[in-house]
Amino acid sequence: MGNELHVDSLDREILFHLREDGRLTNVELAKRVGLTPPPCLRRVKRLEEAGVITGYRAVINPEALGRGLEVFIDVEIYANDRKTVEEFETTVASYEEVTEFRRMYGRPDYFLRVAVADHTAYEAFLTGKLSGLPAVLRLTSHLTMKKIKATS
């Protein structure tokens, strides 16, 4: 396709460094990739305008905010009418404990990532909020034994 952006090895190196530290100054980034600041800035702006770089953010330590327990939940629903599905999605997306929410192809219907303080808080979330929703058929919780790799 003619609309595809060509990303070369220098662009990839810029992306690598920005993924590692999105707060790098243009001068420091240019130094790390072997460019002078003006062409480096042009490349970054081109990557932003093309939608390759979609934003910059802070990576937060959940334990520092009292949300050290992360649980992955598979959710199956029995409803298939648009109104019920939309209400379910709106409600679940509004829960502050839900840090990621995806509709899946096949089973499960949804995948959630939930961050809470501890097992007691998770049980309260599960029984007080999620399992009581009208559309919910089945919930399967997955607790992590060991985090081996995570990208932000």
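Mentor: Happy to: here is a walk through helix α3 and the helices that cover its buried residues.

A word on the ground rules. This is a predicted model, in which local features need pLDDT of at least 70 and side-chain atom pairs count only at pLDDT 80 or more, while totals for chains, interfaces and linings use all residues. Residues are numbered from 1 along each chain as its sequence is written, and side-chain values use heavy atoms, with hydrogens and water left out.

Let's start with α3, residues 37-49. Helices here are DSSP runs of H or I with at least four residues, numbered from the N terminus. The end C-alpha atoms of α3 are 18 Å apart, which agrees with the 18 Å that its 13 residues should span at 1.5 Å a residue; the expected span is 1.5 Å times one less than the number of residues.

Which residues of α3 are buried? They are Cys40, Val44 and Leu47, where buried means under 20% relative accessible area and exposed means over 50%, with a 1.4 Å probe and protein chains only. Seen down the axis, the buried residues of α3 fall within an arc of 60°, so they line one face of the helix; the arc is taken from the directions from the helix axis to the C-beta atoms.

Now turn to α2, where Leu29, Ala30 and Val33 are buried. Those residues cover an arc of only 100° around the axis, which puts them on the same side of α2. The face turned away from that side carries Val27 and Lys31, both exposed. The cover over the buried residues of α2 includes α1 and α3.

Helix α1 brings in His17, which is buried with a relative accessible area of 13%. Leaving aside neighbours within four places in sequence, His17 is in contact (heavy atoms within 4.5 Å) with Leu24, Leu29, Arg32 and Val33.

Finally, look at what follows two of these helices. Gly34 comes after α2 with a positive phi near 80°, and Gly51 follows α3 with a positive phi near 85°. For background, most residues other than glycine have a negative phi.

Technical notes:
Helix = DSSP H or I, 4+ residues; strand = E, 2+ residues; numbered from the N terminus.
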